[in-house]
Amino acid sequence: MYIIFVLAIFVIVFVLRGIKIVQQAETMVIERLGKYNRTLDSGINVIFPIIDLPRNITWRYRKTDVNGQSIIIEKMTGKIDLREQVFDFSRQNVITRDNVTIEIDAMLYFQITDPVKSTYEIANLPNAIEKLTQTTLRNVIGELDLDGCLVSRDVINTKLRGILDEATDKWGVKVNRVELQDITP
């Protein structure tokens, strides 16, 4: 009788661990014995516990607190959010073609289109997007003089979005918009 009770509890726990509920606009990457197996869509999904496990993804964000100090937030999750996300960059100094240092505050709107690529092609997606955006912004601004930077925000935004979208395509990411909030000479 005791063995049947233990076996029944084991079966119930096994079945409950095999049911994965994925929320709307999220997805989950499943690995079978350490290798990619499939991507779970929103709704109720069934996996084989022990051999099928959700891939844990660690993302590190750099945020600025109220005192202006940069802090790193580490987020570990098994689910990937497919909604459009906003990434606000801290102010950065950029040098124009006519050697004027300007301070730029930018925002980036992106969306994960391929969860498998965003999991396996890049180690830390938010950090990679931040660094790529910063270097690309410096390159684009470096080609313009101060007057061109102040007058042609739309041209800068369009050029940045095109370059970033092309570069992040292999990561399974679509860059929807890049907005320059403030340009201060």
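**Entry 1: Asn99.** I started with Asn99. Its relative accessibility is 65%, so I logged Asn99 as exposed; the cut-off for that label is over 50%. I am working from a predicted model, and I keep that in mind throughout. I then looked up where Asn99 sits. Asn99 is in the loop that joins strand E10 (92-95) to strand E11 (101-112). I also checked Asn99 against Val15. They are 84 residues apart along the chain, and 65 Å separates their C-alpha atoms.

**Entry 2: helix H5.** Next I turned to H5, residues 153-168. I tested its length. With 16 residues at 1.5 Å a residue, H5 should span 22 Å, and its end C-alpha atoms are 22 Å apart, so the two agree. I listed the buried residues of H5: Ile156, Asn157, Leu160, Leu164, Asp165 and Thr168. Down the axis of H5, these buried residues fall within an arc of 150°, so they line one face of the helix. I asked what covers the buried residues of H5. The cover includes E11, helix H3 (125-142), helix H4 (146-151) and strand E12 (173-184).

**Entry 3: the largest pocket.** I looked up the largest pocket last. Its volume is about 170 Å³. It is lined by 10 residues, and Trp59, Lys75, Thr77, Lys79 and Asp81 are the closest to its centre. Strands E6 (57-64), E7 (70-77) and E8 (79-81) each give two or more residues to the lining. I noted the make-up of the lining as 4 nonpolar, 2 polar and 4 charged residues.

Key. Residues are numbered from 1 along each chain as its sequence is written. This is a predicted model: local features need pLDDT of at least 70, side-chain atom pairs count only at pLDDT 80 or more; totals for chains, interfaces and linings use all residues. Side-chain values use heavy atoms; hydrogens and water are left out. Helices (H or I, at least four residues) and strands (E, at least two) are DSSP runs, numbered from the N terminus. Buried means under 20% relative accessible area, exposed over 50%, partly exposed in between (1.4 Å probe, protein chains only). The expected span of a helix is 1.5 Å times one less than its number of residues. The arc is that of the directions from the helix axis to the C-beta atoms. Contact means heavy atoms within 4.5 Å. On a 1 Å grid over the protein atoms alone, a cavity is a set of points where a 1.4 Å probe fits but cannot get out, and a pocket is an open set with protein on both sides within 12 Å along at least five of seven lines; lining residues have an atom within 4 Å of a point. Grid points are joined across faces, edges and corners, and a volume is the space filled by probe spheres set on the points. Ala, Val, Leu, Ile, Met, Phe, Trp, Tyr, Cys and Pro count as nonpolar, Asp, Glu, Lys and Arg as charged, and the others, Gly among them, as polar.
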